[in-house]
Amino acid sequence: MASAQRPASSSDSDPRYANIDEKKRKRMLSNRESARRSRMRKQKQLGDLAEEVSALQKEKSQVSERISVAAQRYIEMQSANNILRAQAMELTDRLRSLNSVLHIVEEVGGYDVVIPEIPDPLLEPWQLPCPIQPIIASVDMLEY
């Protein structure tokens, strides 16, 4: 039964080794506490990153929505612009027609009619055929 007994260690009998065991125990506790703080710090960082991801995803969806609205408005404006261009061309053709009638009246009737020259807005878009009028915009037009 002698083998069942634990042999006396040198730390049990020598006070020098007891001091070393105490330092080792304190170091272990310190390491555990440091590891616990490290885990908590990493957990907090992970939570902060998750919040940042959520905020960025929300911001991304808002920006995507604004881009979608702007793209839709662009398509609408492009369509309206095409309609206005077609109307301008039609009105220009009608004006040319009326001017040709005025030329005929001038030649046949002997009247002195002042016929203005028709500017081509597509060739010289910087020379507007009408006086410059301010463009009125409202805040509602700019909201998303």
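Glutamate 33 forms a salt bridge with arginine 37, the closest N and O atoms lying 4.0 Å apart; a salt bridge is defined as a side-chain nitrogen of Lys or Arg within 4 Å of a carboxyl oxygen of Asp or Glu. The model is a predicted one, in which local features need pLDDT of at least 70, side-chain atom pairs count only at pLDDT 80 or more, and totals for chains, interfaces and linings use all residues. Residues are numbered from 1 along each chain as its sequence is written, and side-chain values use heavy atoms, with hydrogens and water left out.

Glutamate 33 and arginine 37 are separated by about one helical turn because they are four residues apart in helix H2. Helices (H or I, at least four residues) and strands (E, at least two) are DSSP runs, numbered from the N terminus. Glutamate 33 has a relative accessible area of 31% and is therefore partly exposed. Arginine 37, with a relative accessible area of 44%, is also partly exposed. In this classification, buried means under 20% relative accessible area, exposed means over 50%, and partly exposed covers the values in between (1.4 Å probe, protein chains only). Glu33 and Arg37 belong, together with Arg36, to a network of salt bridges.

The structure holds five salt bridges. One of them joins glutamate 22 to arginine 25, with 2.5 Å between the closest N and O atoms. These two residues, glutamate 22 and arginine 25, are three residues apart in helix H2, so about one helical turn separates them. Glutamate 22 counts as partly exposed because its relative accessibility is 30%, and arginine 25 counts as partly exposed at 43%.

A further salt bridge is formed by the side chains of aspartate 93 and arginine 96 (3.9 Å, N to O). Both residues lie in helix H2, three residues apart, which is about one turn of the helix. Aspartate 93 is partly exposed at 47% relative accessibility, and arginine 96 is partly exposed at 40%.

Asparagine 99 is likewise placed in helix H2. With a relative accessible area of 9%, asparagine 99 is buried. When residues up to four places away in sequence are not counted, asparagine 99 touches Ile115, Pro116 and Ile118, contact meaning heavy atoms within 4.5 Å.

Valine 101 is located in helix H2, which spans residues 15-109. Its relative accessibility of 44% is the reason why valine 101 counts as partly exposed. Val101, Val105 and Tyr111 make a nonpolar surface patch of about 280 Å². Patches are made of residues with over 30% relative accessible area and no salt bridge; like charges are joined within 9 Å, and nonpolar side chains (Val, Leu, Ile, Met, Phe, Trp, Tyr) within 5 Å. Accessible areas come from the Shrake-Rupley method with a 1.4 Å probe, and for residues only the protein chains shown count as cover.

For the protein as a whole, the model contains three helices and zero strands. The order of elements from the N terminus on is α-α-α. Of the 144 residues of the protein, 3% count as buried. The accessible surface comes to about 13,500 Å², and carbon and sulfur atoms account for 59% of this area.
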